Amino acid sequence: MAIDTQKIIQAIMEGSKYRDAKGIIPIFGVYLSLFSVDYYNKLSFEFELMMEPSRQTKAEQLLIDAAQECGYATFHGIRTSKEWEKIVQPMIETQEDELQGFISVAIGLGWGNIELVKLVPGENLVLRATESYEADGYISRHGLSKSGKCYMLRGVSAAFMDLIYGDSYPEGYNTFTAIEPKCRAKGDDFCEFVVQKSHKKEYTC
Ligand SMILES: [Zn+2]
């Protein structure tokens with residue numbers, strides 16, 4: 001059975017009606033916050049720009065890692081939730097279906113119009129997004145970029161592969177890593193995320 005993205009988006013939209021005064025949304029087994037993308041973009045891009053040039057690459061990597069770690073924990077929570085078991089699990093026959101289920105949830109959460117372009121099971125993945133709020137936000141604040149700016153989707157793309165093809169949670173984190181060779185913030189028609197097996201990442205700050 002194919003994954004019915006519209007059905008998943010519908011369930012998320014229905015569940016998103018219930019939130020407390022602080023904008024916390026309890027849905028799919030996790031607590032999500034309703035958050036201004038303008039504020040998020042301001043925080044992340046200004047954090048990067050405030051670093052001296054020699055540290056901007058490290059700042060970028062920290063933002064990507066934060067997204068990957070958050071995506072890894074959040075989507076593990078989502079795939080072990082009652083809602084997932086009831087709505088998504090019955091549609092899943094293969095690991096590719098599970099990946100498409102993650103993508104459908106991410107679309108429902110407003111993270112972009114994400115499309116699965118290519119998957120080599122256990123090896124690599126290519127995703128495309130045509131509505132990344134980070135690309136839009138970067139262009140509106142800073143104009144065209146020289147590099148990919150969708151740190152959130154870049155980290156989350158790798159987290160999806162970690163969850164499906166890495167070791168059992170939480171040991172599989174960082175099994176994969178993603179790059180963004182094409183990005184709308186650079187003037188490309190879409191953002192493209194290429195996920196491959198990672199080499200162990202280490203930092204010195
Ligand atoms: Zn992008």
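**Notebook: loops, helix pairs and a core**

I started at Pro 170, which lies in the loop between α7 and β5 (176–182). I took helices (H or I, at least four residues) and strands (E, at least two) as DSSP runs, numbered from the N terminus. The model is predicted, so I note its limits: local features need pLDDT of at least 70, side-chain atom pairs count only at pLDDT 80 or more, and totals for chains, interfaces and linings use all residues. Residues are numbered from 1 along each chain as its sequence is written.

**Entry 1: loops**

I checked the peptide bond from Tyr 169 to Pro 170. This bond is cis, with omega near 5°.

I stayed in the loop between α7 and β5 and found Asn 174 there. Asn 174 is not a glycine, yet its phi is positive, near 75°. Asn 174 has 18 C-beta neighbours inside 10 Å, so I logged it as partly exposed.

Next I looked up Phe 28, in the loop between β1 (24–27) and β2 (30–33). Phe 28 also has a positive phi, about 50°, although it is not a glycine. Phe 28 is buried, because 25 other C-beta atoms lie within 10 Å.

**Entry 2: the largest nonpolar core**

I defined a nonpolar core as a set of buried Ala, Val, Leu, Ile, Met, Phe, Trp, Tyr and Cys residues joined through C-beta atoms within 7 Å. How many residues does the largest one have? I found 48, and those with the most contacts inside it are Ala 106, Leu 153, Phe 160 and Met 161. Helix α7 (residues 151–165) gives the largest share of this core, 11 residues. In soluble globular proteins, nonpolar side chains tend to be buried together.

I then followed Ala 106. Leaving out residues up to four places away in sequence, Ala 106 touches Trp 111, Ile 114 and Val 156. Contact here means that the C-beta atoms of two residues, placed from the backbone, lie within 7 Å.

**Entry 3: α3 and α7**

I turned to how α7 packs. The axes of α3 and α7 come within 7 Å and cross at roughly 45°. Axes are lines fitted to C-alpha atoms, for helices over the stretch in contact, and angles run from 0 to 180 degrees between N-to-C directions. I sorted the angles like this: under 35 degrees is roughly parallel, over 145 roughly antiparallel, 65 to 115 roughly perpendicular, and the rest oblique. α3 and α7 are therefore oblique to each other.

α3 passes α7 in a right-handed crossing. A crossing is right-handed if the near helix is turned clockwise from the far one by less than a right angle, and left-handed if anticlockwise. The contact of α3 with α7 has 13 nonpolar, 4 polar and 4 charged residues. For these classes, Ala, Val, Leu, Ile, Met, Phe, Trp, Tyr, Cys and Pro count as nonpolar, Asp, Glu, Lys and Arg as charged, and the others, Gly among them, as polar. On the α3 side I listed residues including Leu 63, Ile 64, Tyr 72 and Phe 75; on the α7 side, residues including Val 156, Ala 159 and Phe 160.

I also looked up Lys 58, in helix α3 (residues 53–79). Lys 58 has 14 C-beta neighbours inside 10 Å, so it counts as partly exposed. The C-alpha atoms of Lys 58 and Glu 48 are separated by 8.7 Å, and the two residues are 10 apart along the chain.

**Entry 4: two further helix pairs**

I took α1 and helix α5 (residues 95–108) next. They pack at an angle of about 45°, with their axes 8 Å apart. α1 and α5 are therefore oblique to each other. α1 passes α5 in a right-handed crossing. The contact is made by Thr 5, Ile 8, Ile 9, Ile 12 and Met 13 of α1 and Gly 101, Ser 104, Val 105, Ile 107 and Gly 108 of α5. I counted no charged residues in it, with 6 nonpolar and 4 polar.

The crossing of α2 and α6 is right-handed. Their contact divides into 4 nonpolar, 3 polar and 3 charged residues.

Methods. Buried ≥ 20, exposed ≤ 12 C-beta atoms within 10 Å, placed from the backbone.
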